[in-house]
Amino acid sequence: MGTIIYEKSRGLTDTPFTYCPGCSHGIINKLVAECLVELGVLEKTILVASVGCSVFAYEFFNCDGVQAAHGRAPAVATGIKRTNPDKIVFTYQGDGDLASIGTAEIIHAAHRGENITVIFVNNAIYGMTGGQMAPTTLVGQKTSTSPGGRIERLQGKPLQVSELFAQIPSAAYIERVSSHDVPHILRAKKTIKKAFQNQIDGRGFSMVEVLAACNIGLKMNPTDSMRFVEKEMTAYYPLGVYKDEGRAAR
């Protein structure tokens, strides 16, 4: 018999992804699943799925999961974690869900220092609903609701979530990573794993922001959409650790 070099993580089910070809969500789902298995916590993990492209995430992860109303995943996760403190609870949210309709829920969960892990996928656009402008859409970026590009004097600057959360006293760990190439994907996995380890250790609120590609929403081929993440998104959303216990925010 041959040696197995690579196989799908048992943290994922056999349900086919509903993500568009070229989307970063599949990569990020895979990283999360691998981390849960490697940490030995898959069987006691509970996912809270958001509304957005990841709306069916509870079908993809091989652990218990619930669906939350749009933007309310942190509130649902809070209830689950407080009543089941021995469980590992995480939310998986996009920029429209977390940084728009769910801003209050996520900010107050961080302010309370809830011992949960948040995976925040920032692709700078509303992917599921037709490519509308999101709170994270870059200035000048064209979307279905900003065909001439986002205008700063009208819509303001994009919301920098990691920078904002680094100022929250009770937030334990905030880091921004990217999924645009293999080295950055490997870094993202280490960061996600650390965020879950923080919860295991009882450190409190951890959030990982992952810059991601939405080639359909951006009307680009997959290669160009990854290049957009690398060149355009990282310029406005610098990668790095923004808060880690006593370390100062950058």
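The protein has a radius of gyration of 17 Å, which agrees with the value near 18 Å that a compact globule of 250 residues would have (taken over C-alpha atoms, with the globule rule being 2.2 Å times the number of residues to the power 0.38). Its C-alpha trace spans about 50 × 50 × 35 Å along the principal axes. This is a predicted model, in which local features need pLDDT of at least 70 and side-chain atom pairs count only at pLDDT 80 or more, while totals for chains, interfaces and linings use all residues. Residues are numbered from 1 along each chain as its sequence is written, and side-chain values use heavy atoms, with hydrogens and water left out.

The secondary structure comes to 10 helices and 7 strands (DSSP runs numbered from the N terminus: H or I of at least four residues for helices, E of at least two for strands). The 7 strands make up an open sheet of mixed pairing, in the order E2-E1-E3-E4-E6-E5-E7; two strands pair if DSSP finds at least two bridges between them. On average, neighbouring strands are turned by 15° against each other, direction ignored.

Angles run from 0 to 180 degrees between N-to-C directions, with axes fitted to C-alpha atoms, for helices over the stretch in contact; contact means heavy atoms within 4.5 Å.

H5 also packs with H3 (residues 73-83), at an angle of about 35° and with the axes 8 Å apart. H3 brings Pro-74, Ala-75, Thr-78 and Arg-82 to this contact, and H5 brings Glu-105, Ile-106, Ala-109 and Arg-112. These residues divide into 4 nonpolar, 1 polar and 3 charged (Ala, Val, Leu, Ile, Met, Phe, Trp, Tyr, Cys and Pro count as nonpolar, Asp, Glu, Lys and Arg as charged, and the others, Gly among them, as polar).
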